[in-house]
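Here's a quick walk through one model, with the cut-offs spelled out as they come up. Have the viewer open and follow along.

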Amino acid sequence: MSKIVTIGNATLYHGDCREILPSLPKVDLVLTDPPYGIGSLMKGGTNTGHWCTLSGGNDWDMELPDIAPIIAHGIHAVVWGGNYFPLPPARCVLAWRKLNAVPTQADFELAWTSFDKPAKMFSHVSGGAMQRDGHPTQKPVPLIEWCLNLAPKNTSTVADPFMGSGTTGVACANMGKSFYGIERERKYFDIACERIERAYAQQRLFA
Ligand SMILES: C[S@@+](CC[C@H](N)C(=O)[O-])C[C@H]1O[C@@H](n2cnc3c(N)ncnc32)[C@H](O)[C@@H]1O
């Protein structure tokens with residue numbers, strides 16, 4: 001591990017979540033958006049799901065992480081792209097319907113959750129490169145805030161072990177929750193630090 005940054009109630013780790021997460025306290029909610037191997041497919045990997053027809057693929061997206069120890073770190077969990085992982089049957093799956101979807105791309109994305117409540121759908125645009133802060137699969141902040149609102153009322157500590165550009169950390173800052181974030185790629189870690197710092201700075205401005 002090379003760096004730990006604390007911003008407000010957020011503690012951010014630059015490093016590999018498989019090494020760092022076991023050393024952190026257990027949280028109320030793991031809310032995450034792991035890589036699911038599209039990069040591997042683009043480079044001749046052996047995964048043969050229907051997603052091999054997708055275009056794109058990133059260097060960080062080369063492997064399907066073992067999801068069981070990740071979700072076990074929270075009392076509850078939300079896993080975006082959960083349909084790619086071997087997870088138990090779920091009552092409460094979440095769908096993000098992309099209002100600006102084009103025919104060659106997904107109309108919606110799915111999340112697996114451990115919540116005992118009905119399945120829910122959120123409709124929101126998917127940001128283009130101009131709206132994102134430098135991460136190719138950055139999730140919209142309102143989507144992650146919606147997930148936090150669906151979590152049990154007493155959820156106060158949240159972890160995102162695949163933090164990317166820090167969207168979960170921004171949503172937690174906006175909603176007064178403690179956050180642990182882990183990101184392996186230095187450039188995305190730095191973007192996450194900047195975004196979460198900005199979210200706290202905005203709060204101070206309006207306090
Ligand atoms: C799908 S992206 C998350 C995007 C994020 N939801 C956002 O809004 O920016 C997954 C991230 O996990 C990171 N990652 C992959 N394997 C990791 C690992 N073992 N430990 C920590 N981060 C990892 C990748 O670098 C990538 O940025």
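## Two tyrosines inside

Tyrosine 36 and tyrosine 84 are both buried, where buried means under 20% relative accessible area, exposed over 50%, and partly exposed in between (1.4 Å probe, protein chains only). Before going further, note that this is a predicted model: local features need pLDDT of at least 70, side-chain atom pairs count only at pLDDT 80 or more, and totals for chains, interfaces and linings use all residues. Residues are numbered from 1 along each chain as its sequence is written, and side-chain values use heavy atoms, with hydrogens and water left out.

How many aromatic pairs does the structure hold? There are two; rings of Phe, Tyr and Trp (its six-membered ring) pair if their centres lie within 6.5 Å, and planes under 30 degrees apart count as stacked, over 60 as edge-to-face and the rest as tilted. Tyrosine 36 and tyrosine 84 make a stacked pair, with 3.9 Å centre to centre and 20° between the planes. Tyrosine 36 sits in the loop between β3 (27-32) and α2 (38-42), and tyrosine 84 in the loop between β4 (74-80) and β5 (94-98), so this pair ties together parts that are 48 residues apart in sequence. Those labels follow DSSP runs numbered from the N terminus: helices are H or I with at least four residues, strands are E with at least two.

Glutamate 63 is in the loop between α2 and α3 (68-71), and it counts as partly exposed at 33% relative accessibility.

## What lysine 98 is up to

Lysine 98 is in strand β5 and counts as buried, at 15% relative accessibility. Its charged end sits over the ring of tryptophan 96, 4.8 Å from the ring's centre. For that label, NZ of Lys or CZ of Arg has to be within 6 Å of the ring centre and within 35 degrees of the ring normal.

Which side chain makes a polar contact with the side chain of lysine 98? That's glutamate 109, at 2.6 Å. A polar contact is a pair of N or O atoms within 3.5 Å; within protein, one must be able to donate a hydrogen and the other to accept it, and residues adjacent in sequence count only if both atoms are side-chain atoms. Glutamate 109 lies in strand β6 (residues 108-113) and, at 18% relative accessibility, is buried.

Glycine 127 is 29 residues from lysine 98 in sequence and 9.5 Å from it in space, C-alpha to C-alpha. You'll find glycine 127 in the loop between β7 (120-124) and α4 (141-150), partly exposed at 23% relative accessibility.

## The ligand and its shell

There are 21 residues around the ligand, and Asp33, His135, Ser165, Thr167 and Glu183 come nearest; a residue is near if one of its heavy atoms lies within 4 Å. The shell splits into seven nonpolar, seven polar and seven charged residues. Here Ala, Val, Leu, Ile, Met, Phe, Trp, Tyr, Cys and Pro count as nonpolar, Asp, Glu, Lys and Arg as charged, and the others, Gly among them, as polar.

Histidine 135 puts a polar side-chain atom 2.8 Å from a ligand oxygen, and for glutamate 183 an N or O atom of the side chain is 2.6 Å from an oxygen atom of the ligand. Taken alone, the ligand exposes 610 Å², and the protein buries 97% of that (Shrake-Rupley areas with a 1.4 Å probe; for residues, only the protein chains shown count as cover).

Among the buried ones are Val141, Ile144, Trp146 and Leu150.

Threonine 167 is in helix α5 (residues 167-174) and is buried, with a relative accessible area of 6%. Its C-alpha is 7.4 Å from that of alanine 192, a residue 25 positions away in sequence. Tyrosine 200, in helix α6 (residues 186-206), is buried at 10% relative accessibility. The C-alpha atoms of tyrosine 200 and valine 170 are 8.3 Å apart, with the residues 30 apart along the chain.
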